[in-house]
Structure formats: C-alpha cells, structure tokens
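Please take a moment with the sequence and the model below before reading on. The paragraphs that follow lead from the overall layout to the sheet, the helices and the packing between them.

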Amino acid sequence: MSRTVLYARVSTTEQNITHQRTQAEQAGFKVDEVVSDDGVSGIATTLMERPQGRRLFDILRAGDTLVVRWVDRLGRNYQDVCDTIREFMRRGVVIRTVINGLTFDGATKDPMQQAVRDALIGFMAALSQAQAEATKEAQKAGIAAARAKQEAGEKGAYLGRKPSFSREQLTTVRDMLAGGAGTSEIARAAGLTRQTVIRVREEPAKAEDSLAAWGL
C-alpha cells in the first residue's frame with residue numbers, strides 16, 4: 001500500500017514542523033508520516049548526510065509520495081537537489097511540493113514530457129541554490145553593517161522595529177513570489193498579513209536587512 005511521507009527540515013528554533021504539516025494538509029495532502037531533521041542547514045549538508053534525510057531512502061518505496069514544502073527542504077545545492085530528485089524518481093517515488101504544487105514523476109515515457117520535467121528540476125534546483133547564496137550574502141551585509149556601527153561607537157543604535165516575520169516566513173514569501181503566487185495565497189501559507197507580504201515584495205532587501213540587524 002502506497003504512503004505519503006512529508007519531509008520537514010528545520011534549521012532554527014523559529015521554524016516549525018507542525019506549521020509545515022498543517023500547510024501540507026491545507027493544500028490537500030493526506031500525510032501518513034512526517035520525517036524531520038532539526039537544527040540542520042540545507043546549505044552545509046546534503047540530504048544523505050542528515051540522519052532522517054538518509055532514512056527517507058530506506059523507507060520510501062515505488063508508488064510512495066514524498067511531500068516537501070518546497071525543493072529547498074531537500075537541499076540548497078544545485079547538484080545535490082537534482083541528484084536527489086532523480087534518484088527518488090528512479091526508485092518509483094513521486095515528489096510533490098506544497099508551494100507551487102509541483103510534481104516530479106519518473107513514470108512518464110514521453111520524451112517531450114521528460115525534457116520539460118528535467119528542465120524544471122534543473123531550474124528549481126538552481127533557484128534554490130541562488131536564493132540560499134543571496135540570503136547568505138544579505139546576512140553578511142547586515143552583520144557587517146551592525147559591526148560597523150558598534151565600532152563607530154553606536155553600540156546602542158536603534159535597530160528599527162523588530163520584524164513581524166521569521167526567516168522561515170520570509171523564505172516562504174520569497175519562494176512563492178518566485179512561483180507567481182498571489183498576495184492572499186502567500187499570506188495564508190506564511191501566516192502573515194497581506195500588508196507584510198506586500199512590504200516584503202516591494203522591499204526584499206530591507207526585509208533581509210531587518211532580520212540581520214536583529215540577528216534573526
């Protein structure tokens with residue numbers, strides 16, 4: 001009997017496995033089991049290097065469905081994400097994403113459909129790595145700016161209002177904006193107000209700087 005397994009990766013205390021499951025169920029998935037890795041980075045570790053990520057390769061069988069919030073849960077490295085998705089497809093496992101409703105299925109034999117699918121895998125994997133690198137650079141810039149203020153004797157300088165969103169929520173908003181989702185849909189998925197989503201959309205750099213300034 002086929003199963004639907006949700007894989008959740010959380011790298012900070014602000015990220016929430018329960019939220020990821022709720023989001024998946026609201027999108028129509030009937031989740032049979034949740035497998036999660038806590039406190040791990042998708043940039044520094046491949047799926048096979050994570051204890052529970054490695055377990056997925058043991059428990060998933062042909063006909064099963066692997067659900068992830070987005071492809072970045074599988075990794076932030078282009079080659080790793082591509083290899084992971086293709087290996088699961090080779091085993092007969094279907095991969096589906098909550099955000100954007102993407103499906104990666106190895107069952108198709110039509111050359112044109114295969115070409116489109118493989119091109120999409122490459123694009124999404126590249127987008128995942130690009131966003132990870134952009135986030136890392138923005139964090140470095142924010143830390144550098146805060147350090148410069150301290151060195152200039154502004155240790156108590158006003159950091160601005162504390163962000164009303166977490167890094168996980170900001171990532172969700174960015175991912176869904178990239179996929180063309182609407183403001184209301186993004187707000188529901190991320191658990192934010194429409195006004196917050198609009199601010200992030202219009203000033204993405206400012207949103208990243210705000211998180212970095214507060215060390216979030």
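Throughout this text, two residues are said to touch, or to be in contact, when heavy atoms of theirs lie within 4.5 Å. With that in mind, one can begin with F88, which touches L47, L56, F57, L60, L66, V93 and I95, leaving aside residues up to four places away in sequence. The model in which these contacts are found is a predicted one.

The protein chain has 8 helices and 5 strands, and from the N terminus on its elements follow the order β-α-β-α-β-α-β-β-α-α-α-α-α. Of its 216 residues, 44% are buried. Among the contacts with a separation of 6 or more, 69% are between residues 24 or more positions apart.

The strands come together in an open sheet, in which 5 strands are ordered β2-β1-β3-β4-β5 with mixed pairing. At its edges stand β2 and β5 (103-104), each of which pairs on one side only. Within the sheet, strand β1 (residues 4-10) pairs with β3 in the parallel sense over 4 bridges, and T4 stands opposite T65 in β3. On its pairing with strand β4 (residues 94-97), β3 again runs parallel, joined by 4 bridges, and here the bridge partner of T65 is V94. Strand β3 (residues 65-68) is also covered on both faces, with T65 and V67 buried on one side and L66 and V68 buried on the other.

Helices lie against this sheet. Helix α1 (residues 17-26) lies across β1, β2 and β3 and runs at about 140° to β1, while α2 packs on the sheet by touching β1, β2 and β3, its direction making about 150° with that of β2. In helix α2 (residues 51-59), the residues G53, L56, F57 and I59 are buried, and what covers the buried residues of α2 includes β1, β2 (33-38), β3 and α3.

Which residues touch the most other members of the largest nonpolar core? That core has 41 residues, and the ones with the most such contacts are L56, L60, L66, I85, F88 and F104. Its largest share, 5 residues, comes from helix α3 (residues 78-90). In soluble globular proteins, nonpolar side chains tend to be buried together.

Helix α6 (residues 183-190) and helix α7 (residues 194-202) pack at an angle of about 110°, and their axes are 9 Å apart. Because angles of 65 to 115 degrees count as roughly perpendicular, α6 is described as roughly perpendicular to α7. In this packing, T183, S184, I186 and A187 in α6 meet R194, V197, I198 and R201 in α7.

Key: Residues are numbered from 1 along each chain as its sequence is written. This is a predicted model: local features need pLDDT of at least 70, side-chain atom pairs count only at pLDDT 80 or more; totals for chains, interfaces and linings use all residues. Side-chain values use heavy atoms; hydrogens and water are left out. A nonpolar core is a set of buried Ala, Val, Leu, Ile, Met, Phe, Trp, Tyr and Cys residues joined through side-chain atoms within 4.5 Å. Buried means under 20% relative accessible area, exposed over 50%, partly exposed in between (1.4 Å probe, protein chains only). Helices (H or I, at least four residues) and strands (E, at least two) are DSSP runs, numbered from the N terminus. Axes are lines fitted to C-alpha atoms, for helices over the stretch in contact, and angles run from 0 to 180 degrees between N-to-C directions. Angles under 35 degrees count as roughly parallel, over 145 as roughly antiparallel, 65 to 115 as roughly perpendicular and the rest as oblique. Two strands pair if DSSP finds at least two bridges between them.
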